[in-house]
Amino acid sequence: IFETHIKSLTKKVQDKINCIDTSKLSKNTLCCLNEVYINAELIIKADVQELKKIIEYFKSNFYCSIGYEKNKQTELYLTLSKIFIDDKTGLYKNFTNSDKKEHNAYHLVQTLNLKTCPYCNRSYISFVKNDEKKTRPQLDHFYPKAIYPFLACSFYNLIPSCSACNHMKSDDDSYNDEKDGNLVHPYNVKDSDFTFSYSFDNLDILKSIDEKNIKFEDEKKIKITLDRKYEKNNDYFQLETIYQNHRDIVIELILKEINYPKSYIDELIKNGFGTEEEIYRFIFSNYLKTDDLHKRPLSKLTRDIVEELGILEKIKLLIKEK
């Protein structure tokens, strides 16, 4: 079925190109349109690595080295925009039309089945489509359609995201930042690329922890830190800054580390919670496995802090004892 959708969208691209009056177009534009026509299917279904190669090819062969704003005024850019991103007739506008029966944005979001924003892991990205109501997450073009209009309908370029991340990323040239090694595509992120930790603004809180009289209001003394390999992901989405809103999560985890007795975990094991995953989910109401972190907001923050506090190691040891 998915292949059928790709074939349908490929034909739409080719039909759009066939309808263009090419009599007055430059040789450069004609050559570019021919490449899009021949490789339309590849452009639509290209994975992340292939998308980068496609951009490099188009930039090397057809795009002028005159900067983003000036490129937007060229014949080539205006022609590609008319095909892909025109507000009324562009293919992306058609793709986001929920009333269309063929493959559209709703089908893509449903197929990906992501539960939270892959950029921030802070917000659910909801999908509903029935006879009464419909809603879906916003689609961010990782490689902006305002710069690379020919990727406007490429599946791996469409990232279901929360409105905050989509707004903050804007039309920054992510291809250049990724090429420089400062940015990573959300589908290529490894667990170790970003790690949450915490620090204190003074040493008084350490004394409070030692004496086990730390309180919820002590969250004001905590700073969440984000160790990252890719600085631009943090710059684009202001991750470390925006995560300061979740210091309450950290203080709750610290309190659990102090106050959860060994006997409580023992009782969980006795009552059939036989794995680390089961005990973790019961205590922290979140997911542990890396592949499941997208299923619930703040799961990466929770897992990283729990691991730093040594609670996971404590659970492992108790399971081993039993």
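**Cysteines, confidence and a helix residue**

Mentor: Cys-19 is exposed, with a relative accessible area of 70%; buried means under 20%, exposed over 50% and partly exposed in between, for a 1.4 Å probe and protein chains only. This is a predicted model in which local features need pLDDT of at least 70 and side-chain atom pairs count only at pLDDT 80 or more, while totals for chains, interfaces and linings use all residues. Residues are numbered from 1 along each chain as its sequence is written, and side-chain values use heavy atoms, with hydrogens and water left out.

Trainee: How many disulfides does a search of the whole structure find?

Mentor: A disulfide is a pair of cysteine sulfur atoms within 2.5 Å. For Cys-19, the nearest cysteine sulfur, that of Cys-153, is 16 Å away. For Cys-117, the nearest is that of Cys-162, 3.7 Å away. The number of disulfides found in the whole structure is zero.

Trainee: Is Cys-117 buried or exposed?

Mentor: Its relative accessible area is 1%. Because the limit for burial is under 20%, Cys-117 is buried.

Trainee: Which helix has the lowest mean pLDDT among the elements of the protein chain?

Mentor: pLDDT is the predictor's confidence in each residue, from 0 to 100. The protein chain averages 89. Helix H13 (residues 239–242) has the highest mean, 97. The lowest, 66, belongs to helix H5.

Note on methods. Helices (H or I, at least four residues) and strands (E, at least two) are DSSP runs, numbered from the N terminus.
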